[in-house]
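Me: I would like to learn how to read a model of this kind, one feature after another. Please give me the general idea each time before turning to the case at hand.

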Amino acid sequence: MNTMEKKIRFSEKWAKLKRKLKDSLYSLKIKIFKQGKGKKSLGSMARGRLIFYIGLISLPLLQFLIFYVYVNFNSILLAFKEYTITDTGQGTYIWVGFKNFTNFIQDLFNSQVLKYAVKNSMTLFLINMIFGVTLALMFSYYIFKKFPLSNTFKVMLFLPSIISSIVMVIMFKYFVESGVPSFFGKVFGKEVMGPLSKSSTAFITIVFYNIWTGFGTGVLMYTGAMSRIPKTVIEAAEIDGVNQFQMFFKIILPLIYPTICTFLVVGIANLFMNQAALYSFFGTQADIQHYTIGYFLFQKVVSDSTKLADYPYAAAAGIIFTLIAAPLTLLVKRFLDKFDPKAEY
Amino acid sequence: MKSKLTLKSIFPLILLILLSLYTISLMIPLVWTIINSFKDKFEFAIDSFSLPTKFVFSNYLEAFTSMSVPVIKPGVGRITYPMLALIQNSLIYALGCAFFGTFTPCIVAYACAKFPYKFNKIIYAIVIFTMIFPIVGNLPSQLQLTRDLKIHDTLIGSYLMSANFLGLYFLVFYGAFKNLAPGYAEAAMVDGASQWTILTKITLPLIKPIITIVFVLVFIGYWNDYQTPMLFLPSRPTLAYGVYYFSQSTDTALSFVTMQLAGCMVVIIPIFLLFMVFKDKMIGNISFGGLKE
């Protein structure tokens, strides 16, 4: 009797279990395969949406993983290697630890080239910040307020960003090199050399060129930021009788401070990467005294004498500069945040 | 009460003067280039500042016939690309890269803005991070990668490299999609439209102005850039590279200068035309919230 009961109870339980399993499988099947007649059920619509989403982002993500993540990862690995020719005549990369890094750091303190490069990059950055950003802000304000001839100035400020940099360089180069001396010769009867050929004036000319052509992006961003300020704020200030000078410094600037900060913070990276159009001016033959960090790194990879063996050194140099640039960016951001007037509209 | 004439009150006037000076400083080399591109090369040698006694097209003709870039293709030999071929290369390169460079951030921004998945936060953070974090000097690694993948010196390689969703335009599209009224898409969804239909027939047409502007700006960038195709697509020299190539030529024959100036004009004119058509939409209007209406 006992075993009979046990058998019955067991088979009951088993039947219940099977029933439960079948039911859940069935409802799952309904969820996945239910075809609403013309209407989609919530389940399959959510699934369709997810598949679409994955379809949209998968290829771009793959591209990102390859051309950004892997490239930078490989760059780090490359810096630890050296390219040699083995006995069989095959070229290959072997691991050499920190050799490239120590070589580069030694060069950083000893080689003239790098000393010039760092000094010039910093000079260019500072002058750009002091004159370039200030002027860009003031010009943007002028355009924002639609003062006389704003439309013309809008076009002119943006024009160098639209024209190919190589074309700007060529126009500037030939004008300065042949136009200016001939002009001086005719008007003043003096023989002058073009500023680009004289080593003492060449760098200033390059700096001038960079600022002269660099207003476009700044003006684009600052006018955009200014246009987001609600008109009511400006009108209230005007009713209170502020003049344009006060309006610019006391109202507009604090209100677009975040945009300015973003521009400055991103500008730190530019300090290290800016070729200052040197390649467009001189190809690989720029005077060592005029090197910038960006130009140094670029011509290391691009010159005719570059071999595969030069890649690891360039990669190591890039990494050292990145390790300097990254914390510097953070520091600058912290520093700028301290001065944030936190103006809000 | 009479207003005092202080420095502060003539602030706009000072700016007007500065801006005018800047404009003049920009126009002078530009005009100098234009008039000298139409000037006979011997006249140029004598005096580069006066108006040409006769407008000649010889410089342009010379540019189209003599400005050619030699390329050494391994296994094939030496091919020279005349001006027309350079223009063609520029068009193929710039149009293709602009297409990928516009639509990749566009669709990823659409996915981020309109779909409620947590992964969007990661994508957004990636975009911001890559814009701020300074990575210096990964060019050797990039070159090595394209060689290893056998896409170096191929159009596909250039198109692939331009198909990244990072950068400013992602934020522009993101803002635009976020500001879109959801009503249209929702109505379509209720009517049973598929996601693909909603994207292509409803949402994208709604932001056509922004797509146009971004495409134009990206196209201009690729048309003007000579360094990237120089490094990654050397067997298809572009117009900008051609101009660079000639500017570095050591041949001091004076004819080169006027011819180069003519070549510069050929590079500028299409861009200038595009700019005049779209300029009002570009400046003062693009913000991270999409276009200001």
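**Reading the model feature by feature**

Me: How many residues does helix 10 of chain A have, and what distance does it reach from its first C-alpha to its last?

Reply: Helices (H or I, at least four residues) and strands (E, at least two) are taken as DSSP runs and numbered from the N terminus, and the expected span of a helix is 1.5 Å times one less than its number of residues. Helix 10 of chain A (residues 244-255) has 12 residues and reaches 15 Å, close to the 16 Å expected. Residue numbers start from 1 along each chain as its sequence is written, with chains lettered from A and ligands numbered from 1 in the order in which they are written. Please keep in mind that this is a predicted model, in which local features need pLDDT of at least 70 and side-chain atom pairs count only at pLDDT 80 or more, while totals for chains, interfaces and linings use all residues, and side-chain values rest on heavy atoms, with hydrogens and water left out.

Me: Which residues of helix 10 of chain A are buried, and what do they pack against?

Reply: A residue is called buried under 20% relative accessible area, exposed over 50% and partly exposed in between (1.4 Å probe, protein chains only), and a contact means heavy atoms within 4.5 Å. In helix 10 of chain A, A:Met247, A:Phe248, A:Ile251, A:Ile252, A:Leu253, A:Pro254 and A:Leu255 are buried. Their packing partners are helix 4, helix 8 (215-227), helix 9 (231-239) and helix 11 (257-273) of chain A, together with helix 1 (11-37) of chain B.

Me: Where is the kink in helix 4 of chain A centred?

Reply: The bend at a residue is the angle between axes fitted to the seven residues ending there and the seven starting there. In helix 4 of chain A there is a kink of about 35°, centred on A:Asn128, although the 33 residues of this helix still reach 46 Å from first C-alpha to last, close to the 48 Å expected. The helix is followed by A:Lys146, whose phi is positive, near 55°.

Me: How many residues does the largest nonpolar core have, and which of them have the most contacts inside it?

Reply: A nonpolar core is a set of buried Ala, Val, Leu, Ile, Met, Phe, Trp, Tyr and Cys residues joined through side-chain atoms within 4.5 Å. The largest one here has 191 residues, and those with the most contacts inside it are A:Phe104, B:Phe165, B:Phe170, B:Phe173, B:Phe177 and B:Ile207. Helix 4 of chain A (residues 112-144) gives the largest share of this core, 14 residues. A second, separate core of five residues includes B:Tyr93, B:Cys97, B:Leu155 and B:Tyr159. Leaving aside neighbours within four places in sequence, the contacts of B:Phe165 include A:Pro60, A:Leu61 and A:Phe64 as well as B:Ile123, B:Ile126 and B:Phe170.

Me: How many bridges join strand 1 and strand 2 of chain A, and do these strands run parallel or antiparallel?

Reply: Two strands pair if DSSP finds at least two bridges between them. In chain A, five bridges join strand 1 (residues 81-85) to strand 2 (residues 91-95), and the two run antiparallel, with A:Ile85 standing opposite A:Gly91. The hairpin has five residues between the strands, and A:Gly89 takes a positive phi near 90°. In chain B, strand 1 (residues 69-73) and strand 2 (residues 77-81) are antiparallel and joined by five bridges, while three residues lie between the strands of this hairpin, where B:Gly75 has a positive phi near 90°.

Me: Is A:Ala276 buried or exposed?

Reply: A:Ala276, in the loop between helix 11 and helix 12 (278-282) of chain A, counts as buried because its relative accessible area is 1%; its phi is positive, about 55°, although it is not a glycine. B:Lys150, also a residue other than glycine, has a positive phi near 60°, but its relative accessible area is 70%, so it is exposed.

Me: What is the mean pLDDT of chain A, and what does chain B average?

Reply: pLDDT is the predictor's confidence in each residue, from 0 to 100. Chain A has a mean of 85, with 94% of its residues at 70 or more, and chain B averages 84, with 91% scoring at least 70. Over residues 288-293 of chain B the pLDDT is below 50, and this stretch has 19 contacts in the model beyond near neighbours in sequence. Where pLDDT is low, the predicted coordinates should not be read in detail. For the complex, the predictor gives an ipTM of 0.84 and a pTM of 0.83.
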